[in-house]
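I opened my notebook to see what holds this fold together. Here is what I looked up, one topic at a time.

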Amino acid sequence: MTNAAPPAPIVVGTDGSPGSGRAVCFALQESQLRGTGLRAVCAYDFAARYSGFEWPAASGFYDLDTQLRDATLEAVTKTLQEAREQVGGAPVDVEIRVERGRPSQVLLDASNDACLLVVGSRGSGVWGRLTLGSTSTEVVHHAHLPVVVVPAERPDQPS
């Protein structure tokens with residue numbers, strides 16, 4: 001008798017956008033096909049994005065951070081529920097991670113033991129990547145595993 005290790009999970013980045021919802025559906029279907037678990041990951045960073053510095057706990061930063069994490073967890077859970085309803089099929093074990101940090105780094109760290117990393121694309125185009133940066137571009141260039149970038153839905157395509 002051998003004790004086989006469970007198959008490596010698929011990691012999917014989600015941020016509540018329509019593009020990430022499409023990525024979650026893709027990752028869920030792929031998890032069903034491979035018979036593996038799914039790790040849904042969402043990164044947030046209120047302090048860096050909105051203040052430029054970390055507020056001390058005395059100013060209420062802890063409460064704001066906790067509220068943001070809880071709201072993010074609720075949004076990820078809703079996205080997963082909607083994806084399960086849309087995809088149907090066999091149940092998949094899902095782990096949800098909501099972590100503070102830069103999205104690309106959080107995703108790369110969360111995929112250390114994964115077999116596939118799935119992210120969505122908002123379709124910002126070349127100019128958007130040059131001026132704003134792009135999580136999907138960073139992940140593709142720095143990942144140690146296969147990456148699938150699920151394209152944003154075009155307005156002229158049916159869903």
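**Salt bridges**

I started in helix α1 (residues 18-34), where arginine 34 and glutamate 30 sit four residues apart, about one turn of the helix. Helices here are DSSP runs (H or I, at least four residues) and strands are E runs of at least two, numbered from the N terminus. This is a predicted model, so I note that local features need pLDDT of at least 70 and side-chain atom pairs count only at pLDDT 80 or more, while totals for chains, interfaces and linings use all residues. Residues are numbered from 1 along each chain as its sequence is written, and side-chain values use heavy atoms, leaving out hydrogens and water.

The side chains of arginine 34 and glutamate 30 form a salt bridge, 2.8 Å from N to O. For the term, I need a side-chain nitrogen of Lys or Arg within 4 Å of a carboxyl oxygen of Asp or Glu. Side chains of opposite charge can pair when their charged atoms come close.

Is glutamate 30 buried or exposed? Glutamate 30 is buried, at 17% relative accessibility, whereas arginine 34 is partly exposed at 41%. My cut-offs: buried is under 20% relative accessible area, exposed is over 50%, and partly exposed is in between (1.4 Å probe, protein chains only).

How many salt bridges does a search of the whole structure find? It finds six. One of them joins aspartate 113 to arginine 39, with the closest N and O atoms 2.8 Å apart. Aspartate 113 is in the loop between α4 (103-110) and β4 (116-120), and arginine 39 is in strand β2 (residues 38-44), so the pair ties together parts 74 residues apart in sequence. Arginine 39 is buried at 5%, but aspartate 113 is partly exposed at 45%. I also see a network of salt bridges linking Arg39, Glu95, Arg97 and Asp113.

Arginine 69 and aspartate 70 make another salt bridge, 3.7 Å from N to O. Both partners are partly exposed: arginine 69 at 31% and aspartate 70 at 39%.

**Strands**

Next I checked β1 (residues 10-13). Ile10 and Val12 point one way, Val11 and Gly13 the other way, and all are buried. In a regular strand the side chains alternate between the two faces of the sheet.

Which strands pair with β1? β2 runs parallel to β1 and is joined to it by four bridges, and β4 pairs with β1 in the parallel sense over three bridges. Pairing takes at least two DSSP bridges between two strands. I found glycine 13 opposite valine 41 in β2, and valine 12 has valine 118 of β4 as its bridge partner.

I noted that β1, α1 and β2 make a right-handed β-α-β unit. Right-handed means that, with the strands pointing away from the viewer, the path from the first strand over the helix to the second runs clockwise.

**Cores**

The largest nonpolar core has 18 residues, and Ile10, Val12 and Leu38 are among those with the most contacts inside it. α1 gives the largest share of this core, five residues. A nonpolar core is a set of buried Ala, Val, Leu, Ile, Met, Phe, Trp, Tyr and Cys residues joined through side-chain atoms within 4.5 Å.

Leaving aside neighbours within four places in sequence, leucine 38 is in contact (heavy atoms within 4.5 Å) with residues including Ile10, Val12, Ala27 and Leu80. A second, separate core of 11 residues includes Val11 and Leu108.
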